[in-house]
Amino acid sequence: MEEDLVKRLEAAVTRLEGISSNGGGGGVVSLSRGGDFSSGAGTDVASSDPSILAYEDLISQCVGRALTAAEKIGGPVLDVTKIVAEAFASQKELLVRIKQTQPDLAGLAGFLKPLNDVTMKANAMTEGKRSDFFNHLKAASDSLSALAWIAFTGKDCGMSMPIAHVEESWQMAEFYNNKVLVEYRNKDADHVEWAKALKELYLPGLREYVKSHYPLGPVWNASGKPASAPAKAPPGAPAPPPAPLFSSESSKPSSSSNQKQGMSAVFQQLSSGAVTSGLRKVTDDMKTKNRADRSGAVSAVEKETRNSKPAFSKTGPPKMELQMGRKWAVENQIGKKDLVISECDSKQSVYIYGCKDSVLQIQGKVNNITIDKCTKMGVVFTDVVAAFEIVNCTNVEVQCQGSAPTVSVDNTTGCQLYLNKDSLETAITTAKSSEINVMVPGATPDGDWVEHALPQQYNHVFTEGKFETTPVSHSGA
């Protein structure tokens with residue numbers, strides 16, 4: 001069985017080996033224990049260092065389980081899972097090189113380029129027209145940001161400690177991973193197995209590995225050779241890819257956070273996942289062979305003009321800013337799946353208004369969160385001190401990673417609320433709302449989520465001088 005897993009993993013990184021053989025810095029990495037590196041020192045490290053051996057076990061067991069589940073599904077799910085396997089193989093190569101090279105912060109972005117290139121391939125699969133497996137692709141793509149723990153250089157580098165970074169990075173991926181679990185829990189066990197395997201790859205898999213071997217970040221070799229960036233691609237290569245996830249350049253100022261420098265900018269770009277958002281996609285209805293001019297339908301030219309207009313809300317321009325140091329205003333965001341508020345505290349509140357088809361992640365504890373007049377809005381948050389309020393919304397999804405004393409739902413149609421084990425005592429208040437479902441963890445850590453529908457219809461009976469109100473429950477025959 002172990003030999004079969006090794007063969008599958010080696011096949012999944014064929015493209016990575018091709019890149020490495022063209023001058024990818026550290027040489028070709030084999031996924032089998034004691035793999036063949038381009039240098040003899042690399043082979044010695046891989047076959048004797050406990051941290052490298054443990055990483056090989058992580059790949060063989062956890063990545064192997066995800067690949068096995070993906071092979072039963074096939075299609076895009078298998079393709080993106082192979083990219084995940086390729087990313088872990090690339091990180092293994094970097095870990096070996098770190099043990100042989102001196103630290104070089106100036107050239108860190110170039111050093112991490114192989115891992116960055118693989119991550120961008122996963123991001124590219126989520127672009128364009130959505131497929132039936134979008135949630136699978138997004139979960140796998142977003143999960144790869146956890147591998148950026150390898151670039152931790154100290155408390156002042158602008159990112160969380162390695163263990164915390166792995167946990168925080170998985171939170172955004174879990175939002176889409178949970179959608180897979182809910183959609184297929186009673187339909188297809190293979191998809192459920194894949195989602196569980198993906199989660200266990202990071203929690204506890206990668207988290208426990210980092211905790212055991214690199215809790216303070218990677219340990220470079222002070223007496224080793226200088227680190228160098230991988231060789232450039234040969235002449236005649238295709239057009240350059242979008243901006244890399246790892247970059248030593250400072251990021252541009254944004255309304256969502258203060259300007260950051262150095263490695264802080266690197267991981268701001270990484271967590272955003274929007275490195276290819278500026279590229280336009282050519283859809284089928286824009287191709288000449290598919291034009292329907294003779295049928296009286298809207299012309300392709302008109303469709304292209306309509307699609308090229310920016311997605312602004314009629315109520316005003318998009319806004320995401322901290323006002324007066326106390327209130328985060330997130331307004332009129334349309335089709336934004338990568339909104340993140342990372343610099344917040346328990347005295348601040350978050351107000352989300354007029355957003356559509358977007359996802360916001362709030363990292364840290366805040367005083368209050370309100371969603372007002374939003375449609376198809378997803379919110380992932382850690383903790384709130386006072387309450388989480390949903391008002392005048394349609395089809396919203398909310399995931400609580402920590403605790404929330406009160407959740408209020410008012411005049412809302414369609415609300416999916418995910419609670420974790422620390423927030424099961426949350427008091428939920430509803431008024432003039434329908435289609436409200438609450439998902440809670442199963443009885444065991446590996447158990448499926450359990451869905452509870454909150455009553456939206458009540459029966460009132462006048463008894464002994466007063467009305468008695470009871471919820472109406474519906475059951476199928």
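**Reading a predicted model, strand by strand**

Student: Which residue in S7 stands opposite Val340?

Tutor: Gln361 in S7 does. Before going on, keep in mind that this is a predicted model, where local features need pLDDT of at least 70, side-chain atom pairs count only at pLDDT 80 or more, and totals for chains, interfaces and linings use all residues. Residues are numbered from 1 along each chain as its sequence is written, and side-chain values use heavy atoms, with hydrogens and water left out.

Student: How many bridges join strand S5 and S7?

Tutor: Strands (E, at least two residues) and helices (H or I, at least four) are DSSP runs, numbered from the N terminus. Two strands pair if DSSP finds at least two bridges between them. Here S5 (residues 339-341) pairs with S7 (residues 356-372) in the parallel sense, over 3 bridges.

Student: What else pairs with S7?

Tutor: Strand S6 (residues 349-353) does, in the parallel sense and over 5 bridges, with Val350 opposite Ile369 in S7. S7 is also joined by 13 bridges to strand S8 (residues 375-391), and those two run parallel. Within that pairing, Ile362 has Phe381 in S8 as its bridge partner.

Student: Is strand S11 mostly covered or mostly open?

Tutor: Buried means under 20% relative accessible area, exposed means over 50%, and partly exposed is in between (1.4 Å probe, protein chains only). S11 (residues 413-418) is mostly covered, as 5 of its 6 residues are buried. S11 pairs in the parallel sense with strand S9 (residues 394-400) over 5 bridges, where Val396 stands opposite Cys415. S11 also pairs with strand S13 (residues 434-440), again parallel and over 5 bridges; there, Thr413 has Ser434 as its bridge partner.

Student: Where is Pro441 found?

Tutor: Look in the loop between S13 and strand S14 (450-453). Pro441 counts as partly exposed because its relative accessibility is 31%. Contact means heavy atoms within 4.5 Å. Leaving out residues up to four places away in sequence, Pro441 touches Leu419, Asn420, Lys421, Leu424, Asp448, Trp449 and Val450. Glu451 is 10 residues from Pro441 in sequence, and their C-alpha atoms are 9.0 Å apart.

Student: How many aromatic pairs does a search of the whole structure find?

Tutor: Rings of Phe, Tyr and Trp (its six-membered ring) pair if their centres lie within 6.5 Å; planes under 30 degrees apart are stacked, over 60 edge-to-face, the rest tilted. The search finds 12 such pairs. One of them is Trp149 with Tyr214, tilted, at 5.5 Å centre to centre and 35 degrees between the planes. That pair links distant parts of the chain, 65 residues apart: Trp149 is in the loop between helix H8 (134-143) and helix H9 (162-184), and Tyr214 in the loop between helix H10 (189-213) and strand S2 (225-226). Trp149 counts as buried because its relative accessibility is 0%, and Tyr214 is buried too, at 3%. Ring pairs link both into a cluster with Tyr55, Phe88, Trp170, Tyr202 and Tyr209.

Student: Where in the protein chain is confidence lowest, and where highest?

Tutor: pLDDT is the predictor's confidence in each residue, from 0 to 100. The chain's mean is 75, and 69% of its residues reach 70 or more. Confidence is lowest in helix H2 (residues 14-21), with a mean of 42, and highest in S9, at 94. Over residues 12-42 the pLDDT is below 50, and this stretch has 76 contacts in the model beyond near neighbours in sequence. Residues 294-313 are also below 50, with 18 contacts beyond near neighbours in sequence.
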